[in-house]
Amino acid sequence: MATPLSDTSLSPLRTVAVVGLGTMGTGIAEVLAGAGRDVIGIDISEAQTAKCVTALEASTARAVERGRLTGPQRAELLARVTTSTDLGAAAGADLVIEVAPESYEIKQQIFRELDGIVRPETVLATGTNALSVTRLAADSARPERVLGMHFFNPAPAMRLVEIVSCVLTAPAAVTAVTNLALDLGKEPVAVGDRPGFVADGLLFGYLNQAAAMYEANYASREDIDAAMRLGCGLPMGPLALLDLIGVDTARTVLEAMYAESRDRLHAPAPVLKQLSEAGLTGRKAGRGFYTYEAPGSGTVVRDALTPLEGGSPTAGRKVRSVGVAGSGTMASGIAEVFAKAGYEVVLAARSEEKARGARARIGKNLARSVDKGRMTAEAAAQTLERVRPTGTYDDFADVDLAVEAVAEDLEVKRQLFAALDKVCKPGAVLATTTSSLPVVACARATSRPQDVIGMHFFNPAPAMKLVEVVRTVLTADDVHATVREVCGTIRKHAVDCGDRAGFIVNALLFPYLNNAIKMVEEHYASLDDIDAAMKLGGGYPMGPFELLDVVGLDVSLAIEKVLHREFRDPGLAPAPLLEHLVAAGCLGRKTGRGFREYAKR
């Protein structure tokens, strides 16, 4: 019979056994030993225990070289780690963390054996990110002492630890493990028991959609990954991340998520099954979505899918002058980008006063660049000189490329393209910067749909490196080649995608944001915990609620509605909470209140 768990029965967790010495188990052992814990590393494979010791020696040697550890500190850390192939070595542990493969059978067998080995007061933690902690706890003789302790890879570098309790877990066990996480220098987030928890629950849905996007041949693996790195500031693209995590692991997590949610967005993309069953599980196998130098290597090598260098075989049209339509932040930013690259720019707005205001905004931005030493005063003056403000689109008569950056309203854009069709010379390329509307609808408003293309810049345009180049079924090859060449001249990274809602970035980003809102609606986790989980566990520059408030809740809702309307997937329906906040006028930072409140300027 299990000993009742109370706050007084808990001793500090000084000795910790780590069961499973793969990459994650080895990293957790290093973190624990670095924080002064005595660590017993256990694995059924002698080769794996030896590999763990070698890895610890190598990583701590690098830490000494970089000045993070002294020689004596390294020696003390290594001395605190012992290894064994016998689970009985965990007998004296205060805490056991199992990091075995994601299989109920394997994990349950380990917990059953531990029940007969460890002391009654020992806490048992599973490192699962996909399986039910409740199910594992119920199968144990001490369910009140079983919980989840989900570290992120690489454990020494990633600060997030999700502490997962279920209905059987005693609060004192949660407290003890939370205190340990804090002592390890980690940021613990308390979550309930459901597949994926917070970080992976949001992350794997996004990864799955990226895999499906690739499988549909909508965009290349390189363009999907570049789009999310450069458009969202993520440390890795989704397909490269799937290879790092393991395609088979991702499939297991998604299967568990789908079994609970029945949300089609969590149903594993067929390509994940195909790659898994072929043994192409990512970096560890030497091949997954990409091909690697060797199993375990992170160095990508060319394969049959790698794009050929040298650009398009079709020659583009000559572009010397550019017209930018609009007077907002996006329009002025795009005009600045073209002017910096040496193009003569006509900046047209509904009135000359608005156009002059947009040019003045460019001047202020250039002055800040001079103050920060990014450009000389002479270069800034020359750049501004290239921008000519005007209150009429008639001045676009001689431009080689016209770029519209007006309101995200299809009728407004259609009227503008009809006007540009009359004004612009034959052969001029007409581009829309829409982020969610159909480019072909703009094209059909002209008599030259073959000359129309999407150029989706990201905000702020001078800083963001990405441009999504959106071809319609009517876009001419030389128009596509022209825009690709122009992107190179203005030092932007172009990615190709077809004319469907959300293109690459928004089609992957906004369902993730919507799912975060649903987590709050369901009272699964708080805004702060979700934001912390994605920043610390996923390496995101902003948490989803920070980002929603910056983008604007009205803008986010509009994009969600477009995605839902286009793909007809119930999982893409905007979260009711988002609709309620927009209806109440809580639109984010611009109104002083969104998901959070902001000080009035």
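Two strands pair if DSSP finds at least two bridges between them. The legends below describe a predicted model.

**View 1. Strands E16 and E17 run side by side.** Strand E16 (residues 452–457) and strand E17 (residues 466–471) pair in the antiparallel sense. Four bridges join E16 and E17. Met 455 stands opposite Val 469, a residue of E17.

**View 2. Helix H12 packs on the sheet.** Helix H12 covers residues 329–340. The strands that H12 touches are E11 (321–325), E12 (344–348), E13, E14 (401–404) and E16. The direction of H12 makes about 170 degrees with that of E11.

**View 3. Eight strands form an open sheet.** Their order is E13-E12-E11-E14-E15-E16-E17-E18, and the pairing is mixed. Strand E13 (387–390) and strand E18 (493–498) are the edge strands, each pairing on one side only. From one strand to the next, the twist averages 25 degrees.

**View 4. Helix H8 lies across E17 and E18.** Helix H8 is made of residues 221–232. Helix H8 runs at about 125 degrees to E18.

**View 5. Helix H11 has buried residues.** In H11 (residues 270–277), the buried residues are Val 271, Leu 272, Leu 275 and Ser 276. They line one face of the helix, because seen down the axis of H11 they fall within an arc of 135 degrees. In general, an α-helix has 3.6 residues a turn, so residues three or four places apart point the same way. The cover over the buried residues of H11 includes helix H7 (199–215), helix H9 (238–245) and helix H10 (247–261).

Definitions and conventions
Residues numbered from 1 in each chain as written. Predicted model: local features only at pLDDT ≥ 70, side-chain atom pairs only at ≥ 80, totals over all residues. Heavy atoms only, no water. Buried < 20%, exposed > 50% of the residue type's maximum accessible area, 1.4 Å probe, protein only. Helix = DSSP H or I, 4+ residues; strand = E, 2+ residues; numbered from the N terminus. Arc of directions from axis to C-beta. Contact = heavy atoms within 4.5 Å. Axes fitted to C-alpha atoms, helices over the stretch in contact; angles between N-to-C directions.
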